[in-house]
Amino acid sequence: MAIKINLSLPIFLFFLLAFFSTLASAKRETEVAADPELKTCKHQCLQQLQYTEADKQICLQRCDMYIDLKHEHQKQLEEKIQKKKKHEGAPREHDQEEEGGEKEEDEEAEEGGEEEEEYPYIFEEDTDFDTKVETDDGRIRVLKKFTEKSKLLKGIANIRLALLEAGALTFVAPRHFDSDVVLFNIKGRAVLGLVKESETEKFVLESGDMLPIPAGTQVYIVNRDENEKLFLAMLHIPVSTPGKFKEFFGPGGRDPESVLSAFGWNVLQAALQSPKGELEKLFEQQNGGSIFQISREQVQELAPKKTYWWPFRGHSTAEFNLFTMSPTFSNRNGILTEAGPDSSSLLQKHNIMLSFTNITKESMSTILYNSHATKIAVVIGGKGGLQIVCPHVTSSSNGNHEKSSPSYHRISGELKPGMVFVVPPGHPFVTFSSRKENLQILSFEINAQDNKKFTFAGKDNIVSSMDDVAKELGFNRPSKIVNRIFDRKESFFFPFKLPQQEQGHDRRAYA
């Protein structure tokens with residue numbers, strides 16, 4: 001009798017575990033199925049009269065793929081917020097302690113990555129930006145230091161990214177930075193003044209324009225549009241303190257505070273030859289913040305002399321416009337436009353390339369990696385997804401079995417405007433658009449000189465370029481089979497669709 005009881009207990013526990021596992025899986029599937037966005041998506045698929053039955057099945061698959069990715073992304077974000085809450089209130093290390101521990105941290109990151117952030121290359125708009133300036137008429141947000149997210153990003157530790165948003169007919173107060181700045185006009189119409197020794201040089205900016213701002217140059221910005229907001233991306237390369245930059249206001253009062261007000265009154269009186277009372281009034285008057293609304297007439301007065309008519313639709317005077325340049329590559333599934341380091345003296349100085357990617361809806365880029373460049377990408381339009389393969393972040397699914405190569409972890413993310421992602425050199429990645437809209441990405445590619453893009457799919461990919469013996473040895477399969485799989489006529493951008501025999505089976509290609 002005792003033997004029967006001992007045998008029954010393990011069996012009972014096994015079935016109990018299986019029961020609860022099934023319940024958990026069913027709960028998740030119920031949550032996904034109940035998503036109202038999924039119901040709407042599928043309903044729209046079935047209502048498309050121009051679709052064939054095969055088209056409708058593909059459309060339904062994409063709905064499932066998108067919702068799976070959405071729920072995975074939400075889960076990742078919840079885990080990240082929980083992790084952040086656990087570490088809130090923990091004392092920060094002093095700079096000296098950080099410097100002393102750099103070598104030790106590097107070794108830990110190289111040896112296994114157990115302490116690494118699970119999603120070290122994806123930056124959320126809500127959690128990874130600090131709002132430095134916010135008024136009723138605009139704001140400036142700065143992405144946290146890349147190394148705060150992960151020590152794997154030490155290669156771009158000195159680079160900082162800021163995003164500026166200004167309402168219609170606004171003035172962004174004059175200031176200078178202790179950093180070189182690559183300014184890119186994401187959207188909107190602006191006038192930018194660069195104050196030099198004897199004059200102010202004015203530039204009319206349109207969407208897609210790039211303008212370099214050397215460190216120490218006083219700059220002010222005007223949103224000249226009466227209705228639309230202005231959105232700018234500013235890549236800072238600090239020249240004083242590595243990884244840190246500051247802004248210094250010349251004209252100002254209480255808000256923004258002028259740097260001159262920090263000097264002693266006797267120094268200011270002697271330098272400016274003005275009595276103290278007059279100086280006190282000067283430096284106490286401004287209290288409207290560093291971004292504020294101005295009149296239509298003031299905007300017109302700030303326009304370049306040659307564009308005196310309203311709304312001064314003169315041609316752009318920036319160094320180049322990335323949106324109107326001839327594309328590096330283009331087909332019906334996407335466009336890639338690149339401006340290399342030789343496009344600007346400042347880009348050449350810091351070895352930076354700018355690129356703009358516009359992936360047509362229901363399309364994808366090829367799977368590729370950069371040989372030298374680190375890609376800092378800002379999503380500026382549309383929605384889609386991203387997958388990066390990383391050898392530094394461990395995955396529990398890989399197991400602990402011994403083998404002669406590293407294990408790789410897939411880092412997935414749902415992309416939407418305002419998000420930032422980084423792709424280090426050598427890391428294969430792919431981006432793809434949503435079913436409904438194009439995906440638009442602005443990229444700053446650091447260490448761009450001599451960089452090459454190597455692809456795993458499409459025409460001239462690196463597998464197809466190998467000789468047949470190398471393919472057979474690498475895959476342990478006949479070269480004819482390898483060639484059939486990898487050879488493809490399209491280049492760089494493709495339709496995002498599964499092969500015919502897989503339709504209706506795999507609904508998680510986006511996950």
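In what sense do strand 15 and strand 16 pair, and over how many bridges?

Strand 15 (residues 329–331) pairs with strand 16 in the antiparallel sense, over three bridges. Strands here are DSSP runs (E, at least two residues), numbered from the N terminus, and two strands pair if DSSP finds at least two bridges between them. Two residues lie between strand 15 and strand 16, and the two strands form a hairpin. Serine 330 is placed opposite isoleucine 335 of strand 16.

Strand 16 covers residues 334–339, and five of its six residues are buried (under 20% relative accessible area, with a 1.4 Å probe and protein chains only). Strand 16 also pairs with strand 17 (residues 352–359), in the antiparallel sense and over six bridges. Here alanine 339 stands opposite leucine 354 of strand 17.

An open sheet is formed by seven strands in the order 2-3-4-11-6-9-14, with antiparallel pairing. Strand 2 (129–135) and strand 14 (320–321) each have a single partner strand and stand at the edges, so one side of each has no neighbour in the sheet.

Within this order, strand 6 (residues 179–187) and strand 9 (residues 209–213) pair in the antiparallel sense over four bridges. Leucine 183 has leucine 211 in strand 9 as its bridge partner.

## Basis of the description

The model is predicted: local features need pLDDT of at least 70, side-chain atom pairs count only at pLDDT 80 or more, and totals for chains, interfaces and linings use all residues. Residues are numbered from 1 along each chain as its sequence is written, and side-chain values use heavy atoms, with hydrogens and water left out.

Terms used: Buried < 20%, exposed > 50% of the residue type's maximum accessible area, 1.4 Å probe, protein only.
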